[in-house]
Structures are given as structure tokens and as C-alpha cells.
Amino acid sequence: EDKIKETILPQAVFVTILKEMHLAEATFELNKAKGIENAKSELASSYFDIYKKNQISEENFKKTLNYYSENPEKLNQIYTNVLEELTNERSKLDQQ
């Protein structure tokens, strides 16, 4: 149990990473009409940058996602926080 917790990202960190990933995926959706291969490459690069910036590995991300997927209440709270943060960012953009 303790060993598992060492590899699981805290909820607040995971919220930030998921938010960044969803923004990267939204960009991918917008760009894929211009060329799917280039859009896929940019998405992979975005993922790499997100992992690097947050000092985690892809494996660490996947283990965390699996852990929270097996704990639906926690995952629900995480996604509630992701949506709140995205909504707040959009409000800031709308005010500019």
C-alpha cells in the first residue's frame, strides 16, 4: 500500500496535469483537420512537455490514472476540479 502511494500523484497535481492534457487534446482536435500526422506529433510533444514540466513519467501518469479510476469518488472529485479550473480559465479569457 505505501509503495503504491509513492507512485500515485497527489490529487492537486493530477488535476493540473489532466487540465493541461485536455487543453493539448483540444488543440489536437482543432489541428487535425490541417493534417493528422502533424497534429499527432504535436500532441505527443505536448504530452512529453507536460510530463517533463511536472517531473513525472508516462508510467507514473498511467499508474495514477489507474489508481483513481479504481476509486470513482476520488476520480469524480478530480474531474470536478479540472472542470472548475478550465471554466475559470475560460472566464479570464472571455474578460480580456
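Biologist: What is the mean pLDDT of the chain?
Modeller: The mean is 91, and 94% of the residues reach 70 or more; pLDDT is the predictor's confidence in each residue, from 0 to 100. This is a predicted model, where local features need pLDDT of at least 70, side-chain atom pairs count only at 80 or more, and totals for chains, interfaces and linings use all residues. Residues are numbered from 1 along each chain as its sequence is written, and side-chain values use heavy atoms, with hydrogens and water left out.

Biologist: Which element has the lowest mean pLDDT?
Modeller: Helix α1 (residues 2-7), at 58, while α3 has the highest, 95. Helices are DSSP runs of H or I with at least four residues, numbered from the N terminus. Where pLDDT is low, the predicted coordinates should not be read in detail.

Biologist: Switching to rings, how many aromatic pairs are there?
Modeller: Four, from a search of the whole structure. In Tyr51 and Phe61 the ring centres are 6.0 Å apart and the planes at 50 degrees, so this pair is tilted. Rings of Phe, Tyr and Trp (its six-membered ring) pair if their centres lie within 6.5 Å; planes under 30 degrees apart are stacked, over 60 edge-to-face, the rest tilted.

Biologist: Where do Tyr51 and Phe61 lie?
Modeller: Tyr51 is in helix α3 (residues 36-53) and Phe61 in helix α4 (residues 58-69), so the pair ties together parts 10 residues apart in sequence.

Biologist: Which residues form the aromatic cluster?
Modeller: Phe14, Tyr51, Phe61, Tyr67 and Tyr68.

How values were computed. Helices (H or I, at least four residues) and strands (E, at least two) are DSSP runs, numbered from the N terminus.
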